Amino acid sequence: MSPISPLGLRRLALYGPREGAVSGGRDNQVGYAVMFAVFNRIRNGLRAGLAVAAIGLLSACDPALVGSVTGPQAPAPSVDTTEPVKVALLLPTNSGVGELDTIARDLERAARLAVSDLQGVQVELTVYSTQRQTAVAVARAQEAIAAGANIILGPLDGEAAAAVGAATAGSGVNVLAFSNNTAIAGGNVFLLGQTFEDSARRVARYARAQGKTRVLVLHARNIAGEAGRAAVEKALAESNLTLAGTTSYEASLPGVTGAVSSARATRASSGADALFLTSNTAGALPIFAELLPEAGLGPDRVQYLGLSRWDADPRLHTLSGVQGGWFAMPDRGRDAAFKARFASTHETQPHILASTAYDGIAAIGSLWARGGDAPLSPQRLTQGAGFQGATGVFRLLPDGTNERGLAIGSIQGNQVVTVDAAPSGFGGFGS
């Protein structure tokens, strides 16, 4: 196998901070820098508008906060379900970051869309601005509870969600956070974001069913990359797949090119028949999609597996390196229907995170409609049948994480196709 060509090296450039870096030092989902190869079609396409990544880890957080969140909590107070359910929606408005304002706007729009879809349930939705500051989020959550909120929807950042959960645990009010950071889940904090663990598990099971046996993992050497690696390794073990090796990299020109060479060598010595890439379209994925095939480690020799949503940006799909790769994604039909409904109302496509707000309201409304003294208790929130959300079925788990009915997607002929459909329910799925 030939080394990376000089032409390939000349085409490679990295922009901005390291992959997974945190804008403002907080959020690994809302702060990924753009790192792409310098092909005109990539530089003028993929880089545009992707200063904020849509899929990633929604925050590293202080371990002390995690510990306090997962501790004892008060029981849910009794309520009257003939009255409107009071939902406090914590959003990162007034943050001074344009992309965050867009996310906050679309989260609110999706939540209100879900409210309008509910049958027989009235929702009193109150929006609280967190300014994307943890202390402000805690103060707003406490204000909301004092005002009689039955449940908290949000906030966006994992660190803020952990702090809010810790501050409100004694109230019996649960928090449905938009985060996908499983480190902060538990106690009264439940995650709505699609987690690394859930995606990795779905992809690993499919790979095993297709006869793959030995998997090489390629990940960034940072918080998000290490979290992705851990999720993948756990999924491989659960699926009886062999970890053939791991290759990590610093997000720099030497780091990425060195990772390509290292991955090629490890694959040759281990006999890996699949390569699990944890990076996303706003990180090193487009670069690897160009350089790995050049180095003789293309999809014609090893099956690519993706941890992130490869369907999220169509400009990625023209790269030869992603053709035939497998990744987890929501039900495409449900996803398209939600986007069409959102666009018909607001004349713009929703941010990829918007559906989490819809899902939160859908779950709250479903439980409130069924009545009972404590419809939003942890026991009710974690019902095994789950809920029908914007992009498919999902359920909240007792440990605060979630499981989604995900499809397996693939890029074929520069387009996204479904190679294994998403389940419509949890009858035996994921058990």
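**Entry 1: the nonpolar core**

I looked up the largest nonpolar core of this predicted model. This core has 41 residues, and Val 87, Leu 176 and Phe 178 touch the most other members. I then listed the elements that contribute two or more residues: β1 (85-91), α4 (98-117), β2 (123-129), β3 (151-153), α11 (332-346), α12 (354-370) and β12 (392-396). Helix α12 supplies the largest share, 9 residues.

I next asked which residues Leu 176 touches, not counting those up to four places away in sequence. Among them I found Ile 151, Ile 152 and Leu 153, as well as Phe 190, Leu 192, Gly 360, Ile 364, Leu 381 and Leu 396. Another core, of 33 residues, lies apart from the largest one and includes Ala 244, Leu 285, Leu 291 and Val 322.

**Entry 2: helix α12**

I checked the length of α12. At 1.5 Å a residue, its 17 residues should span 24 Å, and the end C-alpha atoms are 25 Å apart, which agrees. I also asked how many of its 17 residues are buried. The count is 14, so I record α12 as mostly covered, buried meaning under 20% relative accessible area. Just after α12, Gly 371 takes a positive phi of about 75°.

**Entry 3: salt bridges**

Side chains of opposite charge can pair when their charged atoms come close. I counted 16 salt bridges in the model.

Asp 106 counts as buried at 1% relative accessibility, whereas Arg 109 counts as partly exposed at 24%. Arg 105 joins Asp 106 and Arg 109 in a network of salt bridges.

I then turned to Asp 420 and Arg 202, whose side chains meet at 2.9 Å, N to O. Asp 420 lies in strand β15 and Arg 202 in helix α7, so this pair ties together parts that are 218 residues apart in sequence. Here Asp 420 is partly exposed, at 30%, and Arg 202 is buried, at 9%.

I noted one further pair, Arg 315 and Asp 313, at 2.6 Å, N to O. Arg 315 is partly exposed, at 34%, and Asp 313 is buried, at 7%.

**Entry 4: confidence**

I found a mean pLDDT of 85 for the chain, with 82% of residues at 70 or more. Over residues 1-57 the pLDDT is below 50, and this stretch has 182 contacts in the model beyond near neighbours in sequence. Residues 59-70 are also below 50, with 32 such contacts. Where pLDDT is low, the predicted coordinates should not be read in detail.

Definitions and conventions: Residues are numbered from 1 along each chain as its sequence is written. This is a predicted model: local features need pLDDT of at least 70, side-chain atom pairs count only at pLDDT 80 or more; totals for chains, interfaces and linings use all residues. Side-chain values use heavy atoms; hydrogens and water are left out. A nonpolar core is a set of buried Ala, Val, Leu, Ile, Met, Phe, Trp, Tyr and Cys residues joined through side-chain atoms within 4.5 Å. Buried means under 20% relative accessible area, exposed over 50%, partly exposed in between (1.4 Å probe, protein chains only). Helices (H or I, at least four residues) and strands (E, at least two) are DSSP runs, numbered from the N terminus. Contact means heavy atoms within 4.5 Å. The expected span of a helix is 1.5 Å times one less than its number of residues. pLDDT is the predictor's confidence in each residue, from 0 to 100. A salt bridge is a side-chain nitrogen of Lys or Arg within 4 Å of a carboxyl oxygen of Asp or Glu.
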